[in-house]
Each structure stands twice: as structure tokens, then as C-alpha cells.
Amino acid sequence: MELTIQALRSVPELKYVNADNVVRYRAIMRFFYQEYKRLRYWLKPEEVYAGVMAWDVLPDYTLDQCAADLEQLEEWGNLASRHDGGRASTLEEYLKKKMQYLLRPYSIEIERLLETLEKVTGYGGSLEATLFDSIADKLFEIRKMDWESRPDAALEIWTSLYDAFTRLHENAADYLASLQTAKAEEMMVAETFLVFKDRLTNYLQNFVMALQRSAYKIEGNLAKISENVRELFFEQVAEAELEKPRIEDAPDKETLLEEMRQGWANLARWFVGDGFA
């Protein structure tokens with residue numbers, strides 16, 4: 001994928017993570033994200049303040065400070081706002097600065113990442129042998145072309161296929177990386193390693209055996225899917241993706257196609273090696 005200047009822009013949405021009042025900003029953003037997962041989107045300052053205070057992490061915090069922090073987060077691009085005058089009984093009450101705030105897409109992803117990072121205790125990962133069958137089955141479905149003229153079916157197949165491959169690749173990479181750590185080296189020279197060794201050996205052997213059983217099916221399916229069939233399939237996937245009703249601008253079709261081609265190349269290289277067309 002081509003690298004653009006836009007992709008290398010500064011990210012003001014990350015400022016709250018290291019700002020002077022980081023605890024205040026992080027608490028506000030976490031409350032917004034928590035409510036977002038509960039399908040509550042537009043929040044009033046009073047609701048945000050009450051939610052933050054319920055955690056008892058800011059004993060001297062005030063509603064005025066919360067309102068100022070919300071304005072700052074909006075300025076950084078973390079929140080969007082709108083005037084909340086629906087319940088006003090007088091013109092004066094309507095004109096008072098009553099606002100509601102909404103979490104922006106960048107902020108959702110930032111909070112999702114931060115929540116994930118809080119759970120990281122090591123490399124983790126696993127060797128999920130069952131994913132080989134999932135990948136082989138989806139490639140076979142592409143070969144059968146039952147999805148032709150059914151963009152929704154093509155999108156489901158592609159989503160399942162690439163999700164399975166991503167999980168396989170990332171989890172295996174994380175697990176194997178954990179075996180290269182200093183802690184793993186220390187274990188290998190300890191007496192307790194003899195107990196762990198047999199379990200590790202069986203675990204690795206089961207994964208390799210599953211790969212050997214499925215590899216020929218995966219390689220065979222990849223070889224039998226011609227470039228024309230693959231491009232037709234991608235066209236169907238892109239059509240289904242672009243048919244989704246969106247408030248935001250639809251993604252560029254050529255960008256979608258290029259991302260799928262790159263994803264396919266990654267999958268093929270994993271199982272067949274470089275030079276596979």
C-alpha cells in the first residue's frame with residue numbers, strides 16, 4: 001500500500017494521553033467509551049461529571065472543570081458537540097451554553113487500544129490449528145463460485161477468510177516471540193523446564209501436523225483460483241462494501257481492491273512462499 005502524507009500527519013487526538021491533566025482527560029474519555037459500548041452516544045456535561053465522580057479518582061474535581069475539559073477534548077478532535085436546547089422552557093434558558101458531546105471515531109479506536117494494552121502481560125498468542133481448516137474451506141468456496149452475482153456472500157467469505165488468516169498469523173507470531181524472551185531462556189536452564197518441555201513439544205507437534213494436513217488443500221485451492229476469478233471475487237466484495245449505507249463518505253473502490261490484493265498476497269506468501277502470483 002502506498003504511503004501518503006496524510007497517513008504521516010500529527011495526531012492531536014492523542015494529546016490527552018500525555019497532557020498535564022491526564023487523569024482528568026483519561027477518566028472522561030474512558031467514561032465516554034464505556035457509554036459508547038452501551039450504545040449511549042450523546043452525553044451532557046452533568047452526565048459525564050457524575051460518571052467520572054462515581055469512580056472516586058478525582059476527589060476535588062468540579063463540574064466547571066469538567067466542562068472546560070470537555071471543551072479542550074473537543075478542540076483536540078476527540079469529541080464532537082451540539083447545542084442541547086430541546087428542553088428549554090424560555091429563550092434565555094435556550095441561549096445558555098448547554099452542550100452534548102459525542103466520541104469521535106479516532107477516539108473510539110484510541111480508547112479501544114488503551115483498553116487492550118491494559119490487559120497485556122506478555123506476548124501471549126497461541127497456535128490455533130483449527131484456523132487452517134477455516135482458511136481452506138473459504139478458499140474452496142471462492143473456487144466453487146457460488147458467490148457469483150451475490151456480493152453479500154462474497155463479502156462474508158472474504159471477511160471470514162481474512163479474519164481467520166489474521167488471527168492465525170498474529171497469534172502464532174506472538175506465541176513464537178514469547179519463546180524468545182529472557183524469561184523463556186531462564187526456564188530452559190531450570191529443572192522445571194523438563195516438565196514444560198513435553199507439553200511444549202506436543203503443542204508444537206500438533207500445530208505442525210495440522211499445518212501439514214491442511215497445507216496441500218490450501219496450496220491447491222490457491223493454485224486453482226485464477227487471477228480472473230480472484231478479481232471477479234474482489235469486485236463482488238467491493239460492491240457489497242460500497243452498498244452499505246453510510247453517513248460518512250464511502251471508501252474509494254480502487255483503494256478497497258488494492259487492500260484486498262495485498263491481503264491475498266500476504267496469505268499466499270504465508271502458505272506458498274514468495275513468487276506466488
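These legends walk through several close-up views of one predicted model.

In this predicted model, local features need pLDDT of at least 70 and side-chain atom pairs count only at pLDDT 80 or more, while totals for chains, interfaces and linings use all residues. Residues are numbered from 1 along each chain as its sequence is written, and side-chain values use heavy atoms, with hydrogens and water left out.

View 1. Helices (H or I, at least four residues) and strands (E, at least two) are DSSP runs, numbered from the N terminus. The chain has 277 residues, and 34% of them count as buried; buried means under 20% relative accessible area, exposed over 50%, and partly exposed in between (1.4 Å probe, protein chains only). Among contacts (heavy atoms within 4.5 Å) with a separation of 6 or more, 71% join residues 24 or more positions apart. The accessible surface comes to about 17600 Å², and carbon and sulfur atoms contribute 52% of that. Accessible areas come from the Shrake-Rupley method with a 1.4 Å probe; for residues, only the protein chains shown count as cover.

**View 2. Helix 1 and helix 3 pack at an angle of about 75°.** Their axes are 10 Å apart. Axes are lines fitted to C-alpha atoms, for helices over the stretch in contact, and angles run from 0 to 180 degrees between N-to-C directions. Helix 1 and helix 3 are therefore roughly perpendicular to each other; angles under 35 degrees count as roughly parallel, over 145 as roughly antiparallel, 65 to 115 as roughly perpendicular and the rest as oblique. To find the contact, look for R24, Y25, I28, M29 and F32 in helix 1, which meet Q65, C66, D69, L70, Q72 and L73 in helix 3. By class, this contact of helix 1 with helix 3 has seven nonpolar, two polar and two charged residues. Here Ala, Val, Leu, Ile, Met, Phe, Trp, Tyr, Cys and Pro count as nonpolar, Asp, Glu, Lys and Arg as charged, and the others, Gly among them, as polar.

**View 3. L39 and D56 each have a positive phi without being glycine.** L39 sits in the loop between helix 1 (22–37) and helix 2 (45–53), and its phi is near 70°. L39 counts as exposed, at 61% relative accessibility. Follow the chain on to D56, in the loop between helix 2 and helix 3 (63–75). The phi of D56 is about 60°, and D56 is exposed too, with a relative accessible area of 62%.

**View 4. E111 is a buried residue of helix 5.** Helix 5 spans residues 105–117, and E111 has a relative accessible area of 0%. Leaving aside neighbours within four places in sequence, E111 is in contact with Y16, R26, M29, R30 and Y33.

**View 5. Helix 7 and helix 10 pack at an angle of about 100°.** The axes of helix 7 and helix 10 (residues 227–243) are 7 Å apart, and the two helices are roughly perpendicular to each other. P151, D152, A154, L155, I157 and W158 in helix 7 meet F233, F234, Q236, V237, E239, A240 and E241 in helix 10. By class, the contact of helix 7 with helix 10 has nine nonpolar, one polar and three charged residues. Take a moment with A154, which lies in helix 7 and is buried, with a relative accessible area of 0%. A154 and V237 are 83 residues apart in sequence and 5.3 Å apart in space, C-alpha to C-alpha. Leaving aside neighbours within four places in sequence, A154 is in contact with W147, F233, Q236 and V237.

**View 6. Helix 7 (residues 151–178) and helix 11 (residues 253–272) cross at roughly 50°.** Their axes come within 11 Å, and the helices are oblique to each other. W158, L161, Y162, F165, L168 and H169 in helix 7 meet M260, G263, W264, N266, L267, W270 and F271 in helix 11. By class, this contact of helix 7 with helix 11 has ten nonpolar, three polar and no charged residues. Elsewhere in helix 11 you will find E254, which counts as partly exposed at 45% relative accessibility. The C-alpha atoms of E254 and A238 are separated by 8.8 Å, with the two residues 16 apart along the chain.
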